[in-house]
Amino acid sequence: MNHYQEEYIPESKRLGVIDGIEITDVRYKRSAFLVDGFLKPGLSVLAGAPKIGKSWMVLQLCLSVAKGEPFMGMNTRKSTVLYIDLEDSEQRMQDRILRSAEESSDQLKITFACSQLGEGIADEIRNFKEDYPETRLVVIDTFQKIRMPVSQSSYAIDYAEISHLKRVSDELNICILLVHHTRKMGDNDALNEISGTNGIAGSSDTLMVLKKPKRSDSKATLFCTGRDIEDRTLELLFDRENCRWRITSDSLEEEEEALPDLLVSLREYMRRIGRFDGVNTAFCRGFSDYVGYAVNPSQLKRMMNRFRFQLEDVGVCFLSYRTKSGRLLTIKYAQSHDCTAVG
């Protein structure tokens, strides 16, 4: 029998696609940092050896976000925080807060028990978000406590477990931070020391590894990498009196990528004309006359798309869209830098 006869073919389906030109012109929502340059919504992992200071760090993070105060000098976005502490008692948590913070916050919510993966933790987080809509950070300390018992680790299991929580973080637009352990064996690449297979790294958005030369040291290094953050190495010092971490050195250059000279000229041109509606080539002719040399429309458009948010920060807002007559451009200068509506 021919297995490809019509009666054996399932209902025809189509892939949803977007073409390469259109995707460069879409204005996607700007992804907001929870901690500037450090932590965004998504699934993050903080790994380190036992008793190295991970729990002090995440408590400091939770309190900083709950109060809207800087975390190790980095600005935070104030929100409700859920700290799922599966390693400590209520009394120990009380002691940690009293030792590390002048005051706590009612926006920090703490629980000492939750369901395991596949047994309800996802719904528990969803329900918490429903009860506290301003929640943007959920910390699970530690990841191992919510994992289902298995005879041996595998890439497929690790990837599936992380993906399960990542779907929740993406669905709710929150950051879920898992506290995890590192292997006893060292590696030239600190990220390879995360306990488990590469399935954990493969499905996570952000990975951080905290390392000390010796467990008794006050100095440590935090290695960071991710899909939405720059690779970064932070040298840290633990203040034992206040039980707080602080940054002593940062490999990340603080200055943002500079706006190219051509786009600086574009800003001045838009301040002069205010607004333009029409085809790209017509806009480029006028802009070329202003700068005194021929500007290629495609190159200018590509540069504008790449630096879209930096342009919006200086008041230049634009929208490219397709019509039956071709692609059109609306661009304006907003003195208030309000680019929520272009049209």
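Predicted model: local features only at pLDDT ≥ 70, side-chain atom pairs only at ≥ 80, totals over all residues.
Me: Fine. Which residues sit on the face of α9 turned away from its buried side?
Reply: That face carries S298, R302 and R306, which are exposed.

Me: And which ones are buried in α9?
Reply: In α9, residues 297-306, the buried ones are L300, K301, M304 and N305. They lie on the same side of α9 because they cover an arc of only 135 degrees around the axis.

Me: What covers them?
Reply: The cover includes the helices α1 (20-25), α7 (261-273), α8 (280-291) and α10 (308-313), and the strands β11 (316-323) and β12 (326-333).

Me: What does N296 do at the start of α9?
Reply: A side-chain oxygen of N296 comes to within 2.9 Å of the backbone nitrogen of S298.

Me: Switching to the sheet. What is the strand order?
Reply: The order is β3-β2-β4-β5-β1-β6-β7-β8-β9, an open sheet of nine strands with mixed pairing. At the edges are β3 (108-111) and β9, each of which pairs on one side only. On average, neighbouring strands are turned by 20 degrees against each other, direction ignored.

Me: Which helix packs on the sheet, touching β1 and β5?
Reply: Helix α5 (residues 155-172) does, touching β1 (42-48) and β5 (175-181). The direction of α5 makes about 130 degrees with that of β1.

Me: How do β8 and β9 pair, parallel or antiparallel?
Reply: Strand β8 (residues 232-239) and strand β9 (residues 244-250) are antiparallel, with six bridges. F238 stands opposite W245 in β9. The two strands form a hairpin with four residues between them, and C243 in the turn has a positive phi of about 55 degrees.

Me: How many bridges join β7 to β8?
Reply: Six, and β7 (residues 219-226) and β8 run antiparallel. In this pair, C224 stands opposite R232 in β8.

Me: You mentioned two cysteines. How many disulfides are there?
Reply: The count is zero, taking a disulfide as a pair of cysteine sulfur atoms within 2.5 Å.

Me: Is C243 buried or exposed?
Reply: C243 counts as buried because its relative accessibility is 2%, and the cut-off for buried is under 20%.

How values were computed:
Residues numbered from 1 in each chain as written. Heavy atoms only, no water. Pairing = 2+ DSSP bridges. Buried < 20%, exposed > 50% of the residue type's maximum accessible area, 1.4 Å probe, protein only. Arc of directions from axis to C-beta. Contact = heavy atoms within 4.5 Å. Polar contact = N/O pair within 3.5 Å; in protein donor to acceptor, adjacent residues only side chain to side chain. Axes fitted to C-alpha atoms, helices over the stretch in contact; angles between N-to-C directions.
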